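Work through these exercises with the structure open beside you. Try each task before you read its solution.

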Amino acid sequence: MDLAVVVVIQILYAVASLALISIGLAIIFGMMGVINFAHGEFLMMGGYAFILSYNAGVNFWIAMLVVAPVTIAVIGVVVERLIIRHLYGRVIETVLATWGLSLFLIGLAATVLGYHQKGVNPPFGTIRIGAYQEGGYTFFVIFVTLALMAALYVGFKYTRWGLIARGTMQNAQMASGIGVNVDRVYATTFGIGAALSGLAGAILAPIAGVLPEIGVTYVVKAFITVIGGGAVALAGTGAASSLFGAVSQAVTFLSRPVVGEVALLVVAIVLLRLLPLGITGRYFRRGL
Amino acid sequence: MLEVNGLRAAYGRIPILHGIDLEIAAGEAVGILGHNGMGKTTLMKTLIGLVPATDGSIAFDGVDVTRERADRRVRRGMGYVPQGREIFPRLSVRENLRMAALAAGGSDESAVDEVLADFPRLEPLLDREGSALSGGEQQILAIARCLCTRPRLLLLDEPTEGIQPSIVEQIGENLAALRASRGLTVVLVEQNLDFTAALSSRVLLIQKGEIVRALPPESLRDPEIIEEFVGVGAGTV
């Protein structure tokens, strides 16, 4: 019984962390059709923004929940202005440019901050579940991810900005023809995606630590989740991370973590063979 | 109100408009007739700013807007109803209207209620998705959406295309009533002679990217003119 509870919590955590690292990429891809290969480095920079400002004396929660997303949002808006804006509608060029950006950011972080891993201890200690114990921070990650998804849903569905962003995503030229400043909507959307990535990097930093190349470990899973989810950002990320997270974590329990990762890849390949446009290519098409 | 001089525009590298001159006074309703491929849609897109002008100028209310973005022109009071309606397919009817009001007018949504009073036909459809509407309903929604931006000048691109005759008639009546009640200035490009004749105070003929002549609206009922217009192109009227 206790083991079952722990397994469920671990699966929820796997799902939540997958959704967390993917949602920023999913919004930028789903809303703007832009593939951001520097996504992993946005997470990496979020982690550094958190740890460096925390070490400099900023309050733990402000460093994590405010400094990290705001810093990466600003970087995202600059990147959109300098690089992405000139490449809208040109997928290959965007991939190459953001890949170059990714390499540049890794090199920059390594030069400035060095290669040793930085980390902080997760707060909340541990919680006892029968004979087992679970880190309190695990619950925090699950809770924050749920809150974030709910906030995004409300933001896109019910706010003025969300309505304009959804319409612009469906037909940018027509949006311009009824008075929408499309450049500004794209810059804001990219900034929000970047902020979410920075926040995710900060939230996972106490668990995973931060290194200049940590983005590489995030980006593969994030891409698999976003491609598996399809073009509908929120529903797609939710569905794909539930599927992939549950499968990989369940298999991890039955054997080893490596096999769990393999299982994730196998499920992703089978899924894309059956649903080439991802889960939301067939289901939840009307979702957000 | 609208002054166009020597306007040229291209679609990619192919030049489409070869120097359009056009002057529209406030309160006028000008119909521009032309067959497919004569540059009607390019003219409308260039006027609103979705296709860049390669030469010439566009002035609205005496202000040169030739290089302005479309959304700036919309906020100045130019309204655009595109060919093919271009309704946001996965927004509800209400959201289509609200989006236009919010985009053009900031947080002020009162335009939506005013427009619904003019188009009661949309009331029962408010919660439907744009893509679930019939062609005629979408056309009415496209016009209503444009009005939510509170335009003073209405640019209408073939509003009768692919719409059943009874709704064409209704749209014509709606537009005539709106012209009167809101003091709208209208520029209409069309292939439909009857619709154009009924709505326009002045009719121009566009051919191969140029305005070639003016016609009195009454003449559109003249068999000889009809014959001539039909004979100009492929004969789709």
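The exercises below go from the whole chain to helix pairs and then to the chain contact.

This is a predicted model, where local features need pLDDT of at least 70, side-chain atom pairs count only at pLDDT 80 or more, and totals for chains, interfaces and linings use all residues. Residues are numbered from 1 along each chain as its sequence is written, while chains are lettered from A and ligands numbered from 1 in the order in which they are written.

**Exercise 1.** Find how many helices and strands chain A has, and state their order.

Solution. Helices (H or I, at least four residues) and strands (E, at least two) are DSSP runs, numbered from the N terminus. Chain A has twelve helices and two strands. From the N terminus, the order is α-α-α-α-β-β-α-α-α-α-α-α-α-α.

**Exercise 2.** Compare the radius of gyration of chain A with that of a compact globule.

Solution. The radius is taken over C-alpha atoms, and the globule rule is 2.2 Å times the number of residues to the power 0.38. For 288 residues the rule gives a value near 19 Å. Chain A has 19 Å, which agrees. Along the principal axes, its C-alpha atoms fill a box of roughly 65 × 45 × 35 Å.

**Exercise 3.** Describe how H2(A) and H9(A) pack.

Solution. Start with the ranges: H2 spans residues 39-55 of chain A and H9 spans residues 214-229. Their axes (lines fitted to C-alpha atoms, for helices over the stretch in contact) lie 7 Å apart, at an angle of about 130°. Angles run from 0 to 180 degrees between N-to-C directions. Under 35 degrees counts as roughly parallel, over 145 as roughly antiparallel, 65 to 115 as roughly perpendicular and the rest as oblique. The two helices are therefore oblique to each other. Next, list the contact, which needs C-beta atoms, placed from the backbone, within 7 Å. H2(A) gives residues including A:Leu43 and A:Met44, and H9(A) gives residues including A:Val216 and A:Val219.

**Exercise 4.** Which helix of chain A supplies the largest share of the side that touches chain B?

Solution. The contact takes 16 residues from chain A and 24 residues from chain B. H6 (160-170) and H7 (172-177) of chain A each supply at least two residues of the chain A side. H6(A) has the largest share, six residues.

Key
Contact = placed C-beta atoms within 7 Å.
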